[in-house]
Amino acid sequence: MTTQLAVERLGKSAIVALNNPPANLWTPEALQRFAETLRSLTEEDAVRSVVLTGAGESFFSAGADLRHLENASRQEAEAFLEAFQAAHRALRSFRGVTVAAVNGFALGAGLEWALACDYIVAERGAQLGFPEGRVGLVPAAGGTHLLPRRVGVAWAKRMILGGEMVRAERALAIGLIEELVEPGFSKIVALSLANKVAQQAPAAVATARRLIEDSPLHSLEKHLSAEREAVLSLMGQAEAREGIRAFLDKRNPAWNPEEDD
């Protein structure tokens, strides 16, 4: 088990912190452990949300540890890139809500880590950007796909082609983040957002995420068909029966048998 990743459980949330000071760089070891951790958390019914953050006060993550690429063979570089993509697939496959608590610099693959989450909370003073062009590279863990979906093509070009850094205040204005908070509060606010998912049915959350993420690929008519099939599928499950019954009984639903509320 790598010491570069710290996992803490708090209620129905898991807090996963990259802990590789001073800049919280990603190494192959940390990426492998992260993917394993997310796959494990997905199997835990008690964990409904994940908050991602960086250890310390200055860096969420400055991205990949380039020492692993400096003299790497093509095969070694390919293995490192696949580790990044496997980690992000594990993150995006988590069945609950994921929230990034950006507590400092989020650069390159570090920003891609945040972009793979459902929401991003950032502290005042945090800076976000893609400096890959300065070292002759390009984003390789979803940045060129996820960034324009959040901020549009023009801002994605400014940040990736021009290497423009944006402060958290500007990030909020362009839609890169959802919440701007004071220094030291990103994890608290991220947990507050993450915990809202506990009120929702797990299967409904997973299904709704898939529908939202697939929506740009479909026409409205095709998407309406997908929504209809999703609702019909959910209606045959115990969660929907419990949710409807609880609503009519004016009580909180119990999504899991061990839940008392």
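Tutor: Happy to. Let's begin with Asn 24, which sits in the loop between strand 2 and strand 3; helices here are DSSP runs of H or I with at least four residues, strands are runs of E with at least two, and both are numbered from the N terminus. A word on the source: this is a predicted model, in which local features need pLDDT of at least 70 and side-chain atom pairs count only at pLDDT 80 or more, while totals for chains, interfaces and linings use all residues. Residues are numbered from 1 along each chain as its sequence is written, and side-chain values use heavy atoms, with hydrogens and water left out.

Asn 24 has a positive phi of about 50 degrees, although it is not a glycine. With a relative accessible area of 1%, Asn 24 counts as buried (buried means under 20% relative accessible area, exposed over 50%, and partly exposed in between, using a 1.4 Å probe and protein chains only). The loop between strand 2 (13–18) and strand 3 (25–26) also holds Pro 22, and a cis peptide bond with omega of about 5 degrees joins Pro 21 and Pro 22. As background, most residues other than glycine have a negative phi, and most peptide bonds are trans.

For another positive phi, look at Lys 250, a residue other than glycine with phi near 55 degrees. Lys 250 lies in the segment after helix 10 (238–249) and, at a relative accessible area of 76%, is exposed.

Now to the aromatic rings. A search of the whole structure finds six aromatic pairs. One of them joins Trp 26 and Phe 34 edge-to-face, at 5.5 Å centre to centre and with 75 degrees between the planes. (Rings of Phe, Tyr and Trp, the last by its six-membered ring, pair if their centres lie within 6.5 Å; planes under 30 degrees apart count as stacked, over 60 as edge-to-face and the rest as tilted.) Both Trp 26 and Phe 34 are buried. Ring pairs link Trp 26, Phe 34, Phe 60 and Trp 113 into a cluster.

Phe 60 also gives us a sense of distance: its C-alpha atom is separated by 39 Å from that of Ser 233, 173 residues apart along the chain. Ser 233 belongs to helix 9 (residues 220–235) and is partly exposed, with a relative accessible area of 43%.

Finally, the whole chain. Its secondary structure comes to 10 helices and 12 strands. The radius of gyration is 19 Å, close to the 18 Å that the globule rule gives for 261 residues, so the chain is as compact as a globular protein of that length; this radius is taken over C-alpha atoms, and the rule is 2.2 Å times the number of residues to the power 0.38. Along the principal axes, the C-alpha atoms fill a box of roughly 60 × 40 × 40 Å. Buried residues make up 45% of the 261 residues. Among contacts between residues at least 6 apart in sequence, 68% join residues at least 24 apart, where contact means heavy atoms within 4.5 Å. The accessible surface comes to about 13,600 Å², of which 55% belongs to carbon and sulfur atoms; accessible areas come from the Shrake-Rupley method with a 1.4 Å probe, and for residues only the protein chains shown count as cover.
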